Every structure is written in structure tokens, then in C-alpha cells.
Amino acid sequence: MKYDVIIVGAGPGGIFSAYELIKRNPDLKIAVYESGYPLEKRRCPIDGKKVKSCIKCKTCAIMSGFGGAGAFSDGKYNITNDFGGTLHEHIGRVQATELMKYVDEINVTHGGEGTRMFSTAGTRFKKLCLQNKLKLLDASVRHLGTDINYIVLKNIYAELKDKMHFYFQTPVDHIEILDDGYRVHYGDESADCSKCIISVGRSGSKWMETVCRELDIPTKSNRVDIGVRVELPAVIFSHLTDELYESKIVYRTEKFEDNVRTFCMNPNGIVVNENTNGIVTVNGHSYEGEDKQTENTNFALLVAKHFSEPFKDSNGYGESIARLSNMLGGGVIVQRFGDLVRGRRSNAKRIEEGLVVPTLAATPGDLSLVLPKRILDGIIEMIYALDKIAPGTANDDTLLYGVEVKFYNMEVDIDEHLETKYKGLYIIGDGSGVTHSLSHASASGVYVARRISEES
Ligand SMILES: Cc1cc2nc3c(=O)[nH]c(=O)nc-3n(C[C@H](O)[C@H](O)[C@H](O)COP(=O)(O)OP(=O)(O)OC[C@H]3O[C@@H](n4cnc5c(N)ncnc54)[C@H](O)[C@@H]3O)c2cc1C
């Protein structure tokens, strides 16, 4: 079988490449290979009753399948170059922003109409943050919500499925370089193509490393973000979330001068487990539909760790810390802020008596036995700083779930076209290390598709 283009991975990067390619050139023969299931078959077995925590499925339904890691995400499409990736460093700020806006239009016309776009432009919170040593980053954010995000993906799949070949539950094993293109190997079979787009996201990070080693594509890796997910009554943050939905706030710690930042804020949301390569960490999302909303808001507080020579395995460092929490708690650990600052473990009784009802069944424990002092001190400092703009953040009953780790794929050596040293072999989305978000990953897909279309 010979295709014009093979796309590996059906997350936002892969989907938007496919969408744009077929829109611009309906005659192209395209195949999409995806290790996970089609959207409607993606089911995480955790039901809160029979299965309470992660059972480490072979293919994680949260991370893999049509829609990628984004399928059950909160569907927050941030339009900004301030965070979410460094796509602008490759393609320029103006173009990156335009592509993110284009992706937003597609989402809106495929089921996202009626959802809100929030913006930090002109907000009074910028001043309030600065007065309290906090910095509010600039962004516009479309909040689709987990439910609408699912509908958008369903509609896009319906539009694509008859125009190209989708191969689900088909992990690609190797990429072979041919004289006139690429051979993609999966199981005992293979398919050839003239151009190949690899968009394997975070779940494909280990595989991506192997491919780069096999094909001698240079990579570098030096960053991991480590922290906790904070859960508190939604009213404490409602003045911010009602106006901005998600506020990305950065705090520079006094003790170590590290940057701690809020990440992935979910008003009225739920805290969830995340399984990356068998390691259970914490994440969160929220639904647009009111019937599924909770009385809590959750967000992550993360500290970025950059390593210098000779240490190279930043993800390994993050994994080891996550493993510690898995070892002590059998998965994610939860602790009341009051217990943490008093230096005692939380137990089921104290959590039950607290004012915040946890939305994730995690093991009560002691995060100070898991997180390095420098990171923990930074998080505690930031909670007190946030308490000044959202009084109540530092309440004893505020829940902290750990650990949240944001693994960064190693950065693959790609040029301004997101192309490797092999002509026609593109690496995009989170798998390239260049993007870390839905909008940047999607925009990178459109960008590469346009380039391929121009050349076809
Ligand atoms: C719970 C959760 C909530 C999130 N919420 C948000 C949010 O609100 N806003 C935001 O901007 N970002 C969010 N993110 C991050 C966002 O989902 C990712 O940045 C985005 O999905 C990256 O897109 P991608 O296409 O690069 O990779 P992915 O979405 O990871 O897709 C990669 C796909 O490739 C497949 N794959 C991997 N290896 C292979 C292989 N060898 N062969 C074939 N297929 C393979 C995987 O199964 C996967 O489906 C969230 C992530 C999670 C887990």
C-alpha cells in the first residue's frame, strides 16, 4: 500500500493535519495510524465504585485513541504565545496566533458554537496580581468543556472517516527511510508513503525517543514540571474564574527564586488520575454542562525544573518522584493544606471532616515525604501568595493531590517547517517537544498540512 501521507497518532496534531490536508487537496491518499481506540470505544474503567483507581490498562483510554490526550480533557483552547508551547519560535508569533484562531473557528463550526471565549485583555486582576507579587499571563481561552470537546471530535471524525484510512489499535513500531519516502512498520505489516507526519504526543514519548535514536535525529531534554493539584470550594476563585475562566498566574519564590505557576484551572471541575507509561499522576477537568459540575475548583501548582549538564533525564527525575507517591499511596496521595504545614499526615477521618469534599478517591498521606523540599516550599509560598488575591486558598481544608508532573517530551531537532533532517518527515504536536497544549498541537498540524499541500 502506498499513501501520499501517513499520519502517526490521532491526537489534535494528527487530526488537524488530516483535516487541513484533505480540505486543501481532496485527492490525497492519506492513512492515520493510532495505537488507541476510536472515540466511542474509549472508556476508562475507573467508575468510582467497582474500579476506584487506575488499573494500568495496556492502552490508556484517557491518553490514547481518536482525540489523543485531549479527548476527555477540559477542552481549553488557549490562544497565546505566552504558554502552551514554543511553536512561535519555529513559525513566528503572528502565524502561530493566526493558526490557533483558525483552529478555534473549526472547533466552533463543528459543535463548539455557543461556548465562551474568555480573555485577560483589560482585566483588573492584572493589577491585583502585581500588587501581590503575582503575574497574570495574557491569553484568550475558548472553554469547550469535556462534553462539547467530545462532540467536536465526533463531528470532525464523521467528516474525515470516509476520506482517508484510519487504522485504530495499530501502534507503529518503526519508520524506515526509503529512497522516495518512508515505510511505516506495524506488527508484521507495513505501508509506504511519500510524506510522513509523526504526532504521537506524550504517551508516545518513549517511542519517539527510540525513533530519533534509530534515525539519528538529534534531541535534547532538560525540563520537567513537578507539583500538586489544589482543590478548594469554587466560590474562593469564582471572581477570577467567572471573568477569566482560567488564570495563568506566575509567582517567583522568595527562598529559591523559582517560578511557580498555576496550570490547568477547572472551575466546578473534578480531579482525575492520569497514567503515563504506567505511572499514576493527577490531573483535572471540568464539564460545560451544569448537571456534571461540582462545587469545587481545581488547578495545578507547578515548579519548573531545568537541569544542566551532565544530567539529561529530566523526565526520569519526574517519574521517580511520581513513583514515590505511587509507592506510598498506591497511586495519588491527598493531603489537607493544614496537615501539610503542621507536618502531619492526613488521614481519612480528617479529610472526611474537612469542608472540601474530594472529587477523586486518593490515598490520604504526607506529600512532604514525596516532594523535594525546594518544590514543596515553593508551592506553600505560592498558596499564601494566592490567598491574598483569593482569600481562603490557604485554608486548612484546601486539598492538595500529588503528584502532578508535567513531562516534556524531549525536543526533537526540527526546522522552521517542523521538518526533520529527512525531507518529508515531519514531527509535530507534543511529541516534538515544541508544543504542550491543544491549541499549539492543533496549529502545528495545520501548519505542516499547508506546507505539504503547497508542495503536492
Ligand atoms: C487529562 C488531561 C487534560 C488536559 N487538558 C488540557 C486543556 O484543557 N487544554 C490544553 O491545551 N491541553 C490540555 N491537555 C494537554 C493536551 O491534551 C495535549 O497537549 C494535546 O492533546 C497534544 O496533542 P498531540 O496531538 O500532540 O498528542 P496527543 O493528544 O497525546 O495524541 C497522540 C496520539 O498518538 C498516539 N500514539 C502514540 N504513539 C503511537 C504509535 N507508536 N503509533 C500510533 N499511535 C501512537 C496516542 O495513542 C495518541 O492518541 C490535557 C491533557 C490531559 C491528559
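Eight strands make up an open sheet of mixed pairing, in the order E5-E13-E14-E17-E12-E20-E18-E19. Strands here are DSSP runs of E with at least two residues, helices are runs of H or I with at least four, and both are numbered from the N terminus. Two strands pair if DSSP finds at least two bridges between them. Strand E5 (134-136) and strand E19 (363-364) stand at the edges with a single partner strand each, so one side of each has no neighbour in the sheet.

The model is predicted: local features need pLDDT of at least 70, side-chain atom pairs count only at pLDDT 80 or more, and totals for chains, interfaces and linings use all residues. Residues are numbered from 1 along each chain as its sequence is written.

Look next inside the sheet. Strand E14 (residues 259-266) and strand E17 (residues 296-306) run antiparallel, joined by five bridges. Thr-262 stands opposite Leu-301 in E17.

Now the helices. H3 (residues 93-112) packs on H5 (residues 145-160) at about 95 degrees, with axes 8 Å apart. Axes are lines fitted to C-alpha atoms, for helices over the stretch in contact, and angles run from 0 to 180 degrees between N-to-C directions. H3 and H5 are therefore roughly perpendicular (65 to 115 degrees). Asn-107, His-110, Gly-111 and Gly-112 of H3 meet Ile-148, Ile-151, Val-152, Asn-155 and Ile-156 of H5. Contact means C-beta atoms, placed from the backbone, within 7 Å.

Lys-388 belongs to helix H11. Lys-388 counts as partly exposed because 15 C-beta neighbours lie inside 10 Å (buried is 20 or more other C-beta atoms within 10 Å, exposed 12 or fewer, partly exposed in between).

Conventions:
Angles under 35 degrees count as roughly parallel, over 145 as roughly antiparallel, 65 to 115 as roughly perpendicular and the rest as oblique. Two residues are in contact if their C-beta atoms, placed from the backbone, lie within 7 Å.
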